[in-house]
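The tour below moves from one selection to the next and says what is to be found at each stop.

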Amino acid sequence: MALVQISDVIVPAVFASYMSVDTMEKSALFRSGVLVPDAQMGGFLGGGGRLFQHPFFKDLANDEANIASDDPNDILVAKKVATSKHQFVRQERTQGWSAADLTVELAGSDPMRHISSRVSEYWARQFDRYCISTLKGVIADNVANDSGDMVLDATALSGTVTVGIDTVNKYSMWAGNILEAKQTMGDAADSLSLLVMHSRIFTNLQRQNLIAYIPNSQGVLNIPTYMGYQVLVSDMCPADDQGGGVTYYTTYLVGRGVLGWAEKAPKNPVAVDRQERSGGGAGIETLITRRQFAIHPYGFNWTDSSCAAQFPTMAEMETAGNWDRVYPERKKIPLVVIKTKNG
């Protein structure tokens, strides 16, 4: 019987390019602008090593200006500009999927064709998870080492407030908590543009009739907003069960470009492996994909203090000790976490 197999359909080099581009088109955080390409990071990935340092100049200090005089001995002492660095880590991840040739005969369709059509969706979800893990990590560091100045924790609030015709708890998501959250940025609050929230929070706001829609590029009213901020709904946002019907939800109020991203194809980004003697000689085919990339929050340093393997796991990315804020001025980092609860 003539059988077109996945190895006949996939040309690895072509598929790898398609997979990379299609992944980022499907990534919700990439499309929203939270994750932005960084050419310098990409250049570093093209070389060797696993840790990379990106030096930068700090802003000029707000020292009071000198008083002018006509005294020739009154010599101006020039200031200097301080420097620091971002350190980021290379990531390399792999995933593969197998199917026995016999399943094609029995099912009447090729599961590998379906697998190959879903690879980009899989990696898009993975990249969004890496982004959320990164945000969780830098916020954990902020709470541990920077007095939590990037966090509004409303979970301990009591009392209620009237919102429209509804009465809502102050510990839930409502306009007052959004306003207090953006105030952590002071006069730089206008750099915040996007709310990333769990679907439960979004549904609660819908029930209050507080979600407004703006048109997309085709003029269709399908982009949700709340208080002028674009809303991105993702159940990847943490929802921590506290027991007793109480859940703590994490919502991110961010500016565009808070995370830098770069990708460099590994030596063989896609491979098709045939095991002809497996399955009693019927054959098994495996599609293997490999991604090499970096995701890094601007204003933070990857300390690499607890990374067991060559590349960090998601749990290690969420560890406070692996991050350190190198932007001393809070206003330079357009990121606020809002913790609320329901129950």
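Select Trp97, Tyr122, Trp123, Phe127, Tyr130 and Phe293, which ring pairs link into a cluster; rings of Phe, Tyr and Trp (its six-membered ring) pair if their centres lie within 6.5 Å, and a pair is called stacked with planes under 30 degrees apart, edge-to-face over 60 and tilted for the rest. The model is a predicted one, in which local features need pLDDT of at least 70 and side-chain atom pairs count only at pLDDT 80 or more, whereas totals for chains, interfaces and linings use all residues. Residues are numbered from 1 along each chain as its sequence is written, and side-chain values use heavy atoms, with hydrogens and water left out.

The structure holds 11 aromatic pairs. Phe30 is partly exposed at 23% relative accessibility, while Trp261 is buried at 10%, where buried means under 20% relative accessible area, exposed over 50% and partly exposed in between, with a 1.4 Å probe and protein chains only.

Now select Phe44 and Phe88, a tilted pair with 6.0 Å centre to centre and 55° between the planes. Since Phe44 lies in helix H4 (residues 39-45) and Phe88 in strand E3, the pair ties together parts that are 44 residues apart in sequence. Phe44 is partly exposed, with a relative accessible area of 25%, whereas Phe88 is buried, with 2%.

Leaving aside residues up to four places away in sequence, Gln87 touches Leu51, Phe52, Gln53, His296, Phe300, Asn301, Trp302 and Thr303, a contact being heavy atoms within 4.5 Å.

Then turn to the loop between strand E2 (51-57) and E3, where Val77 is placed. Val77 is exposed, with a relative accessible area of 65%. A distance drawn from Val77 to Phe202 spans 55 Å in space, C-alpha to C-alpha, for two residues 125 apart in sequence.

Centre the view on Leu259, whose contacts, not counting residues up to four places away in sequence, include Val34, Cys131, Leu135, Ile295 and Tyr298.

From there, select Cys131, which is buried at 0% relative accessibility. Its sulfur is 11 Å from the closest cysteine sulfur, that of Cys237, too far for a bond, and the structure holds zero disulfides, a disulfide being a pair of cysteine sulfur atoms within 2.5 Å. Cys307 is likewise in no disulfide, the nearest cysteine sulfur, that of Cys131, being 18 Å away.

Show helix H2 (residues 12-26) next: its 15 residues reach 20 Å from first C-alpha to last, close to the 21 Å expected at 1.5 Å a residue, where the expected span is 1.5 Å times one less than the number of residues. Within H2, Phe15, Ala16, Met19, Asp22, Thr23 and Met24 are buried. The buried residues of H2 pack against H3, strand E1 (35-37), H6, E14, strand E15 (270-275) and strand E16 (284-297).

Finally, zoom out to the whole chain, which has nine helices and 19 strands. Its C-alpha atoms fill a box of roughly 95 × 65 × 45 Å, taken along the principal axes, and 45% of its 343 residues count as buried.

Key
Helix = DSSP H or I, 4+ residues; strand = E, 2+ residues; numbered from the N terminus.
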